[in-house]
Amino acid sequence: MTQAPQRPDLPDPGTDEFAPVAAPARLPSLPRFPLLIFALVGVVAGVLLGLQYSNRPPGDTAPNVPLAGQLLRMALPPQDEAGILFSSNDVKPTANPDLLPAGLSAVYAFYEAPGRRSADQPQVRWTRDGKPLTPPPAGDVRADPGGSSGKILLRPPGGKLVPGVYEVELKLGPSNLAASFVAAWGAEQIASQAAPADAQVKVSDLALATAVSAQHLPQRPQKSFDGRERIFAAFKFAQAEPGSAIVVKWYGGTEPIKAATEEIVLPSTAGTASAWLQAPPASPLPPGQYSVTVSMAGDTTALATATFSVVEPSPLGAANKKGGALGSALSR
């Protein structure tokens, strides 16, 4: 039998300084089943202590991660970086672009689903502004060896990509991938410009007229109009973020003319824009006081406001009576 080493600061057990001590009786051996219960109780207690330890008050420097969460994290495999990347050409990008140019004959969608191999042909569904588009034929869906990645050729209806929000869903065996992109005219120009840091859009020189130039400049601004005329609101903007939107709203007195609300996407950091208001010829605008405001999309704060009046139509008729239903549009 091996004897434990004696500490040097204690007397020798054989000396008289130690009183004889009777040997303890041998403890009875416990059955294995109760021991297993004790072990399980210990594990549960440890987890509960870990959870309690995680709920420390603010300012405590102890790690605020529950023990159960740590164990679960250790048991789970690393998460896959699955997704879909879009490109205007046959070269896989490293990240999705902010915008894709309208007018493309096809969009390339590269998908990755590590660890989600499937022998089945991927199923593709895509929409534009929420409306379903024709799914690509099997020949335009090309899976790489193994089936966990590949390339999809999306050919838009009519052969040209039109502006809008596109959503793509891919079913790969039991897995589903989804991504979206936005197409716009002048996407390259918009993407190449950046708004000044912490800048707020400035709207100035808001003027009303019955005509504007090709540069959206008002021709012969005025404050009074015939109820059958097309009334333009022209203005300048600056410090804008390319691709952001502003809203032009028209009011009859204090009531908004909802059918005439127009949202305009700004293609650059600075420039000019215009929108117009016109009632149908058979139902001209009634005489009274009117106003128009320009604000950022999603914000009710007016960046610029202009007021004008509508008078009884001239007996000779208005010179500018084109147009139909009440509405407004961006002059291009």
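**Salt bridges in a predicted model**

Arg228 and Asp226 form a salt bridge through their side chains, with an N to O distance of 3.8 Å. The structure containing this pair is a predicted model. Asp226 has a relative accessibility of 8%; because buried residues are those under 20% relative accessible area, Asp226 is classed as buried. The contact itself qualifies because the criterion places the side-chain nitrogen within 4 Å of the carboxyl oxygen, and the distance for Arg228 and Asp226 is 3.8 Å.

Another of them joins Arg125 to Glu169, whose closest N and O atoms lie 3.5 Å apart. Here the partners come from distant parts of the chain, 44 residues apart: Arg125 belongs to strand E4 (residues 123-128), while Glu169 belongs to strand E8 (residues 164-172). Arg125 has a relative accessible area of 43% and is therefore partly exposed. Glu169, with a value of 39%, is likewise partly exposed.

A further salt bridge brings together the side chains of Asp205 and Lys236, at 3.3 Å from N to O. Asp205 is located in strand E10 (residues 202-209) and Lys236 in strand E12 (residues 231-238), so this contact ties together parts separated by 31 residues in sequence. The relative accessible area of Lys236 is 37%, which means that this residue is partly exposed.

Technical notes: Residues numbered from 1 in each chain as written. Predicted model: local features only at pLDDT ≥ 70, side-chain atom pairs only at ≥ 80, totals over all residues. Heavy atoms only, no water. Helix = DSSP H or I, 4+ residues; strand = E, 2+ residues; numbered from the N terminus. Buried < 20%, exposed > 50% of the residue type's maximum accessible area, 1.4 Å probe, protein only.
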